[in-house]
Amino acid sequence: MRVSLLQMNVALASEAENTATLLRLAEDAMRNKSERPDVLVLPELWTTGFYPRPIKAHADPSGARARRVLAALSKRFGVNVVGGSVARLEGGKAYNTCYIADRSGAIIASYDKCHLFTPSGENRDFTAGERLVTFALDGVSCAVAICYDLRFPALFSALARAGAEVLFLPAAWPKVRLPHWRVLLRARAIENQIFVCACNAASKDRTLGGHSVLLDPWGESLGEAAGTEAIVTADLPLARRRSVKEKLNIFDDWREALYQKPPVSCTPLRRES
């Protein structure tokens with residue numbers, strides 16, 4: 001599976017400009033027919049940036065505009081698209097939603113960001129998702145999480161235990177917290193023995209961190225961007241994951257029942273005289 005991360009310069013509150021940027025980068029990624037990727041990955045909130053307020057005024061009703069763009073893009077090039085995320089307006093509520101399109105242009109899955117970044121007030125502007133999703137691209141079991149979800153390891157272990165081999169992570173991660181980005185991405189790849197394809201946004205004012213990266217199940221980089229607009233492409237050697245699991249399958253030793261028990265509060269042992 002060959003994956004291209006489209007690390008866009010995302011402009012705030014300019015859907016037309018951002019759509020034009022997406023199409024330009026997608027055309028660049030697909031230009032060489034002999035080296036075309038199987039999957040294009042977009043960053044978080046690529047239509048609006050992260051994010052203009054009030055977000056409901058900028059949100060896409062039922063995600064219709066974004067779905068049309070993603071479906072047309074995937075159908076035009078015959079490529080799978082992990083559509084970053086967009087602000088979706090549904091029933092008077094805003095959701096941070098990722099759409100996945102297959103090579104035919106069909107929207108085969110969607111995911112609403114489950115963990116909302118309270119320090120910025122995202123939890124007041126958006127409604128959190130309530131379900132995790134997996135899906136297949138070209139027969140490969142995949143999953144998606146969004147940005148702040150990265151800080152919640154239980155989400156990743158649940159997806160890995162459900163059979164996900166490749167995890168896509170669209171993000172709008174700030175430059176100031178890039179050290180966390182690097183460490184957490186590698187930790188999630190290693191501890192779950194999965195490929196992690198993390199597509200961060202960039203921005204002309206350099207507040208967003210870029211450094212999109214493709215990681216193998218050992219946490220080794222297969223390709224990484226710097227902080228500016230870029231396309232990162234690499235082949236995911238899927239057999240490598242099988243080799244890792246043959247050597248060290250951590251889920252063989254997983255003890256789910258143990259983790260559901262409350263920890264025992266111990267008291268100091270009495271000192272023998």
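Buried means under 20% relative accessible area, exposed over 50% and partly exposed in between, computed with a 1.4 Å probe on protein chains only. This is a predicted model: local features need pLDDT of at least 70, side-chain atom pairs count only at pLDDT 80 or more, and totals for chains, interfaces and linings use all residues. Residues are numbered from 1 along each chain as its sequence is written, and side-chain values use heavy atoms, without hydrogens and water.

**View A. Arg2 pairs with Asp235 in a salt bridge.** A salt bridge puts a side-chain nitrogen of Lys or Arg within 4 Å of a carboxyl oxygen of Asp or Glu. Here the closest N and O atoms are 2.9 Å apart. Arg2 belongs to strand S1 (residues 2-7) and Asp235 to strand S14 (residues 230-235), 233 residues apart. Strands are DSSP runs of E, at least two residues, and helices are runs of H or I, at least four, numbered from the N terminus. Asp235 is partly exposed at 43%.

**View B. Glu122 and Lys113 form a salt bridge.** Their closest N and O atoms lie 3.1 Å apart. Glu122 is buried, at 0% relative accessibility. Lys113 is buried too, at 1%.

**View C. Arg186 meets Glu224 in a salt bridge.** The N to O distance is 3.9 Å. Arg186 sits in helix H6 (residues 178-192) and Glu224 in strand S13 (residues 221-224), so the pair ties together parts 38 residues apart in sequence. Arg186 is partly exposed at 25%; Glu224 is partly exposed at 36%.
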